[in-house]
Structures are given as C-alpha cells and as structure tokens.
Amino acid sequence: MTESSFAGGGDQAPRADLSPSQRWTLTAGAVLLHGIVAIAAWRSATLPAIPPDPAPLMVSLITNDAVPLAPPAPPTAEPPKPVAAPKPVVPVAPQKTPPPVLASTRAAEPKDMQVPVSAPEPRPVPAVTTPTPVQNTPTAAATSATSTAPSSEPAVPPPPKTLPSSAVRFLIKPQPVYSAASLELGESGTVTMLILVDEQGRTKEVQVTKSSGYPRLDRAAVAAERAARFQPYLEAGVPSSVWVPHSITFNLEER
C-alpha cells in the first residue's frame with residue numbers, strides 16, 4: 001500500500017485482504033485462547049489457599065549463672081518450754097498425843113460384902129409306874145393282818161447260772177465264716193465267748209471273754225454264735241436261761 005493511496009482515500013475503510021483460511025485460523029486461535037483462560041480461572045478457584053509462612057519464634061537460653069540462688073534460711077531455734085516451778089512443801093505440825101492414863105492396880109473394895117446362902121437340895125422321890133392295859137383296837141388288828149399277809153408283787157427270778165459247755169447241747173452248730181480279707185492277711189486264732197441261752201434255746205447275748213487278737217475274727221465268731229440253736233436247759237423239768245462258755249478256732253491250715 002503506497003502513500004498516495006492513503007492520501008487520496010482517507011475517508012474510506014480499509015479493505016479486507018484476509019483469505020478464508022486465515023480467517024478460520026484466527027477464529028480457532030481466539031477460541032483456544034478463551035479455553036486456556038477459562039481453565040486457568042477454574043484451577044485457581046479450586047486449589048486450596050496456601051497459608052502464609054508463620055512468623056519466626058525467638059528463643060533464648062537461660063543459664064543457672066544468670067539468676068543467683070538465694071542462700072538457705074538459717075534454722076530457727078524453738079524457744080525452751082517453761083519449767084513449772086515445784087510446789088512449796090508445807091510443813092505439817094506434829095500432833096500432840098495425850099499421855100496414857102495408868103489404871104489403878106488396886107481393886108475397888110465393896111462396901112457391903114454379902115455371902116450367898118445355898119438352899120437345901122430336895123430329896124428324890126421314887127417314881128411309881130403303872131402298867132398300861134393293851135386294847136384290841138381295829139387299827140392294831142389291821143396292822144397285824146397286813147404284816148402277816150403275803151406280798152402281791154411277783155418274785156424277782158434269780159440270775160442265770162453259769163454252767164460248763166457240756167451242760168447244753170447244740171441243735172444247730174455255729175458255722176463261722178472265714179472272710180477273704182482274713183485269709184489274705186493270714187489272720188488266725190481262737191475266740192472264747194460266754195453265751196446266754198434263753199428258755200427257747202436261742203442265743204440271747206454273746207460276750208467275748210478272750211479275743212483272737214483280730215477284731216475281724218471276733219466279729220465272725222460272734223455272728224456264728226448268734227445263728228446257732230441250743231437245746232433248752234431244764235432245771236426240775238422247767239426250762240431256764242443259763243450262761244455257757246464256748247470257743248471257735250480259726251485255722252488257716254484247715255481251710
């Protein structure tokens with residue numbers, strides 16, 4: 001474009017000399033520039049705000065030499081406690097005791113001495129006894145009848161006699177049981193007993209007079225005697241209870 005053209009046509013608008021391809025390029029560049037600006041504005045709005053750096057702290061070290069220590073306070077002495085003054089002792093005046101009165105050794109002489117006169121003793125008079133007649137009153141008769149009447153209480157039977165073992169015969173002989181524990185431990189010995197046989201020939205009581213030395217054997221012998229039966233003992237044809245001795249021997253060799 002020359003100077004003459006500007007000078008002659010100052011009132012006219014400049015003519016567009018851009019081709020269609022140049023116009024499209026300029027439009028795309030403008031759109032891209034707007035997109036970049038919009039993205040930058042969006043990122044600046046979404047990013048967190050970065051706090052400002054904190055102000056620096058000033059620290060100074062304090063040493064022991066800087067502050068002088070105060071000297072310890074001297075110990076305070078406690079004032080002495082006041083001592084109570086002793087109470088004054090009041091002297092006690094001795095009591096005066098009156099002088100003892102001496103009794104006179106001379107007995108008082110009675111003015112009028114009277115001599116007692118004894119009365120004469122009476123003579124004993126012999127007593128005369130008269131016999132009292134015995135009257136047959138009903139009370140005396142009842143008393144004599146009561147003393148001569150027989151007592152209505154039953155007589156207490158005498159205690160059973162103790163007889164030899166041959167005086168009573170067995171109807172059922174005792175069968176002692178040798179326990180397994182006694183066999184295992186090897187217990188043996190003889191048990192001597194005193195048996196009370198009642199009027200029916202049954203064993204009423206058993207007393208061990210001599211032990212075998214083993215309580216287990218003694219119990220077995222007592223149980224065997226309680227199961228035995230005897231022939232009742234007759235005294236004047238009346239059955240009566242008697243004590244009879246009997247022994248049972250436990251021997252391991254006879255098993």
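Which residues does serine 241 touch, not counting residues up to four places away in sequence? I looked them up and found Pro160, Lys161, Leu196, Val197, Asp198 and Glu199, where contact means heavy atoms within 4.5 Å.

A note on what I am reading: this is a predicted model, in which local features need pLDDT of at least 70, side-chain atom pairs count only at pLDDT 80 or more, and totals for chains, interfaces and linings use all residues. Residues are numbered from 1 along each chain as its sequence is written, and side-chain values use heavy atoms, with hydrogens and water left out.

I stayed with serine 241, which sits in the loop between strand S7 (238-240) and S8; strands are DSSP runs of E, at least two residues, and helices are runs of H or I, at least four, numbered from the N terminus. Serine 241 counts as buried because its relative accessibility is 16%, the cut-off being under 20% with a 1.4 Å probe, protein chains only. Its side chain makes a polar contact of 3.2 Å with that of glutamate 199.

Next I followed the sheet. I found it open, with four strands in the order S1-S8-S3-S4 and mixed pairing; strands pair if DSSP finds at least two bridges between them. Strand S1 (161-162) and strand S4 (203-210) are at the edges with a single partner strand each, so one side of each has no neighbour in the sheet. Strands S3 (residues 189-197) and S8 (residues 242-250) run antiparallel, joined by nine bridges. Valine 191 faces isoleucine 248 in S8.

Key:
Buried means under 20% relative accessible area, exposed over 50%, partly exposed in between (1.4 Å probe, protein chains only). A polar contact is a pair of N or O atoms within 3.5 Å; within protein, one must be able to donate a hydrogen and the other to accept it, and residues adjacent in sequence count only if both atoms are side-chain atoms.
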